[in-house]
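Please study the model and its sequence side by side before reading on. The paragraphs that follow begin with a single residue and then widen the view.

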Amino acid sequence: MKIIQWILIALIFLSPFKANASRDTDSYDGNIFPIYAGNGAIVPPQTTLQESLKNKRVAVLFFYLDDSSDSKAMAPIISGLDLIWRNNIDIIALTTDELQDKEKSDLRNEPNYYWNGLIPQTIILNSDGEVKFDKNGMINIDELNKVIGELKGIDIEETTFSVESFNEYNSIISEKEKKNKNKN
């Protein structure tokens, strides 16, 4: 009987189980930020929208679902913003599961005031809480950087970034090229 138990235990641990996570499907694979962006520190958000507005900080609201292929594709871009702007802005990534059944709020310090019901949705608020950018779907990181740079008073037009996939699940943000404004 002991031999059969050991054989069963060995089969369980030695049998190859395939991971079924896929960025291009609307399947639930777990939290998208550690899986597809390599950055689980984004969720839960380090700050709330109320704190961000109170502290007059530029904030990026990102509404997503873990089982959305579009949200999975945007996760590395939001993670890249965190790498580039780390302590200069607030990134507030919120799953819309808890917002689905709520009525739209009339209060600017509530996330469902800004959410339009579609995902993924990326919103950039200036330090006064005014919406300066609001788009659904895939967005180029350079477009987001330009808006954030303008709000922070930083000229970042000399540098462009790209999102490069280094395996099936994770991506990395890298500097593509430096543009030279003073070419002769």
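W115 is buried, with a relative accessible area of 11%; the term buried means under 20% relative accessible area, exposed means over 50%, and partly exposed lies in between, with a 1.4 Å probe and protein chains only. This is a predicted model, in which local features need pLDDT of at least 70 and side-chain atom pairs count only at pLDDT 80 or more, while totals for chains, interfaces and linings use all residues. Residues are numbered from 1 along each chain as its sequence is written, and side-chain values use heavy atoms, with hydrogens and water left out.

Rings of Phe, Tyr and Trp (the six-membered ring for Trp) pair if their centres lie within 6.5 Å; planes under 30 degrees apart count as stacked, over 60 as edge-to-face and the rest as tilted. By this rule there are five aromatic pairs. One of them, between F62 and Y64, is stacked, at 5.7 Å centre to centre with 10 degrees between the planes. The pair of F63 and W115 is tilted, with 6.3 Å between centres and 35 degrees between planes.

Helices (H or I, at least four residues) and strands (E, at least two) are DSSP runs, numbered from the N terminus. The chain has five helices and six strands, which run α-α-α-β-α-β-β-β-α-β-β from the N terminus on. Strands β1 and β2 pair in the parallel sense over six bridges, where pairing requires that DSSP finds at least two bridges between two strands. From β1 the chain crosses through α4 to β2, and this β-α-β crossover is right-handed: with the strands pointing away from the viewer, the path from the first strand over the helix to the second runs clockwise.

How many residues of β2 are buried? Six of the six are, so β2 is largely enclosed by the rest of the structure. D90, I92 and L94 point one way from this strand, and I91, A93 and T95 point the other way.

In soluble globular proteins, nonpolar side chains tend to be buried together. A nonpolar core is a set of buried Ala, Val, Leu, Ile, Met, Phe, Trp, Tyr and Cys residues joined through side-chain atoms within 4.5 Å. The largest such core here has 26 residues, and F33, I78, L81 and I124 have the most contacts inside it. Two or more residues come from each of α2 (32–37), β1 (59–64), α4 (69–85), β2 (90–95) and α5 (141–152). The most come from α4, which gives six residues. Apart from this core lies another, of 11 residues, among them A59, L61, L94 and Y114.

L81 shows how such contacts (heavy atoms within 4.5 Å) reach across the chain. Not counting residues up to four places away in sequence, L81 touches V60, R86, I91, I141, L144, N145 and I148. Over the chain as a whole, buried residues make up 40% of the 184 residues.
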